[in-house]
Amino acid sequence: MSSKPSPLAAALADIAREAGRLILKHYEGASEARLKHDRSPVTRADEEAEALIVARLTKLSPEIPVVAEEAVAAGAMPRVGARFFLVDPLDGTKEFLSRNGEFTVNIALIENEAPVCGVVLAPALGRAFAGDVAAGAAFELLPEGGARAIRARTAPEEGLTAVVSRSHRDAKTEEFLAHYKIARMVAAGSSLKFCLIAAGEADLYPRHGRTMEWDTAAGHAVLAAAGGSVTQLDGAPFLYGKAAQGFANPHFVARGRD
């Protein structure tokens, strides 16, 4: 296990931090949203952060295509091969607009349908996470510099801590959780839910609602690098690069260590 983030993870973290600083300028001012075709909100912060991230990724690895949320929403559906980046410049726009701080910048590298490296930054909360699956290493990146290694935990005897969506909780999730010994439930926004499991602060995150690949890839990479897993509800692999489906995800469950 590596003692520090890989060069790629460090580079992605630098890009995410730059985007995070841009987003915070909007967060601290007045932010207005408009609705996209799918009725989800978008702000100038989403669009400007995405433009920055895509430009930096193109400079970092010009041979790797970038699939980014707002570009796809605008009709730009890039052709992807075995390797591509997935970008959600501002995951949790509802959290951003409600000013609860639980929004993130998500950047991930996909190889052969799986996330292999990812960074999740929560700029308003001062938390950041990075994971490199090949190295089997995940970290919380510290505000003062440096990094703390993190590992997903095994299920505590007293029961699981389930993390649920703050904005998208539903009856099917409650039904799913009823099959487990749940000691505590924590509500969180955006891809932070994966990172709480990766850091050993939670154990289970089921999701029955609609998500897209850019919503999950970076958090999936962090959790997988920390020893956890993300699968479809029936245990089938949770794969990426589903361009024919518009990069939409099936329902899934994220877990800590077995």
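I began with Ser190, which counts as buried at 10% relative accessibility (buried is under 20% relative accessible area, exposed over 50%, partly exposed in between, with a 1.4 Å probe and protein chains only). I note that this is a predicted model, in which local features need pLDDT of at least 70 and side-chain atom pairs count only at pLDDT 80 or more, while totals for chains, interfaces and linings use all residues. Residues are numbered from 1 along each chain as its sequence is written, and side-chain values use heavy atoms, with hydrogens and water left out.

**Positive phi in loops**

I looked up the backbone of Ser190 and found a positive phi of about 55°, although the residue is not a glycine. I place Ser190 in the loop between β11 (182-188) and α6 (192-198); helices (H or I, at least four residues) and strands (E, at least two) are DSSP runs, numbered from the N terminus.

I then went to Arg99, another residue other than glycine with a positive phi, here near 65°. Arg99 sits in the loop that lies between α4 (93-98) and β5 (104-111). I find Arg99 partly exposed, at a relative accessible area of 33%.

**Strand β6 and its partners**

I checked β6 (residues 114-122) for cover and found seven of its nine residues buried. I see β5 and β6 running antiparallel, joined by seven bridges; two strands pair if DSSP finds at least two bridges between them. In this pairing I found Val105 opposite Leu121 of β6. The hairpin of β5 and β6 has two residues between the strands, and I read a positive phi near 50° at Asn112.

On β7 (residues 127-132), I find antiparallel pairing with β6 over six bridges. Gly118 stands opposite Gly131 of β7. I count four residues between β6 and β7 in their hairpin, where Gly126 in the turn has a positive phi of about 70°.

**Glu213**

I placed Glu213 in helix α7 (residues 213-225). Is Glu213 buried or exposed? I find Glu213 buried, at 0% relative accessibility.

I followed the side chain of Glu213 to the backbone nitrogen of Lys242, which it reaches at 2.8 Å. I also listed what Glu213 touches, leaving out residues up to four places away in sequence: Phe84, Leu86, Leu239, Tyr240, Gly241, Lys242, Phe247 and Asn249. Contact here means heavy atoms within 4.5 Å.

Notes. A polar contact is a pair of N or O atoms within 3.5 Å; within protein, one must be able to donate a hydrogen and the other to accept it, and residues adjacent in sequence count only if both atoms are side-chain atoms.
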